[in-house]
Amino acid sequence: MLEETLPPLPALFGNPILRGELHEIVSPEPIDWLPQTLGWQILALVLVIGLLHRSWRRLRLWLRNRYRREARRRLSHLGPSTGASAINEVLKLTAMTAASRREVAALTGVTWCHWLENRAATKVFSQESLQILGEALYSPQVSVTAVQRSALVREAHLWIDQHRDDHGFY
């Protein structure tokens, strides 16, 4: 009796694997990440060339400024007992690298101080520091207090960072 009241089973009833009717799903081809059109290829080429150009310029700037890094390192390694003549020596070496040796080597006293002032973008040295630097060229034993020495070193670091480089390219 119960069999008579049930509806007939559909033709697709049951497990398709057992009937052999299962078909494998084919996935689409993977999407290529490389640009396919000419416009995107040209844009990628321009971006790569721009990146290479920028990297080359930054490398040249880094190589050109290695004398500044060396001067900062020399100033940092000066002992607390060194006088103004050692700071002056570092400034003179840095200046001869940034400008021509003929222009800088002969500068002394007031002309040396004016040259230092004119090469920086802003006024770096105080009048007291300039006076100490001018006197240190003539007398290496110029007495400098610890406060004056620390101010002179700080100002020398600023000058090394800010001075104009005649041989630089940007």
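What percentage of the 170 residues in the protein chain do buried residues make up? The answer is 28%, where buried means under 20% relative accessible area, exposed means over 50%, and partly exposed sits in between (1.4 Å probe, protein chains only).

This is a predicted model, so local features need pLDDT of at least 70 and side-chain atom pairs count only at pLDDT 80 or more, while totals for chains, interfaces and linings use all residues. Residues are numbered from 1 along each chain as its sequence is written, and side-chain values use heavy atoms, with hydrogens and water left out.

View 1. The protein chain has 9 helices and 0 strands, and its pattern along the sequence reads α-α-α-α-α-α-α-α-α. With a radius of gyration of 38 Å, well over the 15 Å that the globule rule gives for 170 residues, the protein chain is more spread out than a compact globule. Helices (H or I, at least four residues) and strands (E, at least two) are DSSP runs, numbered from the N terminus. The radius is taken over C-alpha atoms, and the globule rule is 2.2 Å times the number of residues to the power 0.38. Along its principal axes, the C-alpha trace spans about 125 × 45 × 25 Å.

View 2. Of the contacts in the protein chain with a separation of 6 or more, 67% are between residues 24 or more positions apart; contact here means heavy atoms within 4.5 Å. The chain exposes about 12800 Å², and carbon and sulfur atoms supply 63% of that. Those areas come from the Shrake-Rupley method with a 1.4 Å probe; for residues, only the protein chains shown count as cover. As for charge, the mean positions of the 20 positive and 16 negative charges are 20 Å apart.

**View 3. Helix 8 and what covers it.** Helix 8 (residues 127-138) has 12 residues and reaches 18 Å from its first C-alpha to its last, close to the 16 Å expected at 1.5 Å a residue. That expected span is 1.5 Å times one less than the number of residues. Which residues of helix 8 are buried? They are Ser-129, Leu-130, Ile-132, Leu-133, Gly-134 and Ala-136. Their cover includes helix 5 (84-98), helix 7 (109-119) and helix 9 (146-162).

**View 4. Zooming in on Gly-134.** Gly-134 lies in helix 8 and counts as buried at 9% relative accessibility. Not counting residues up to four places away in sequence, Gly-134 touches Gly-109 and Cys-113. Thr-94 is 40 residues from Gly-134 in sequence and 17 Å from it in space, C-alpha to C-alpha.

**View 5. Ser-139, in a loop.** Ser-139 is in the loop between helix 8 and helix 9. With a relative accessible area of 32%, Ser-139 is partly exposed. Ser-139 and Ala-84 are 55 residues apart in sequence and 9.7 Å apart in space, C-alpha to C-alpha.

**View 6. Thr-97 and its partners.** Thr-97 has its place in helix 5 and counts as partly exposed, at 34% relative accessibility. Leaving aside neighbours within four places in sequence, Thr-97 is in contact with Arg-64, Tyr-67, Asp-165 and His-167. Ala-44 is 53 residues from Thr-97 in sequence and 40 Å from it in space, C-alpha to C-alpha.

**View 7. Arg-102, out in the open.** Is Arg-102 buried or exposed? Arg-102 sits in helix 6 (residues 101-105) and counts as exposed, at 81% relative accessibility. Arg-102 and Ala-71 are 31 residues apart in sequence and 20 Å apart in space, C-alpha to C-alpha.

Technical notes:
Lys and Arg count as positive and Asp and Glu as negative; His and the chain ends are not counted. The place of a charge is taken as NZ of Lys, CZ of Arg, CG of Asp or CD of Glu.
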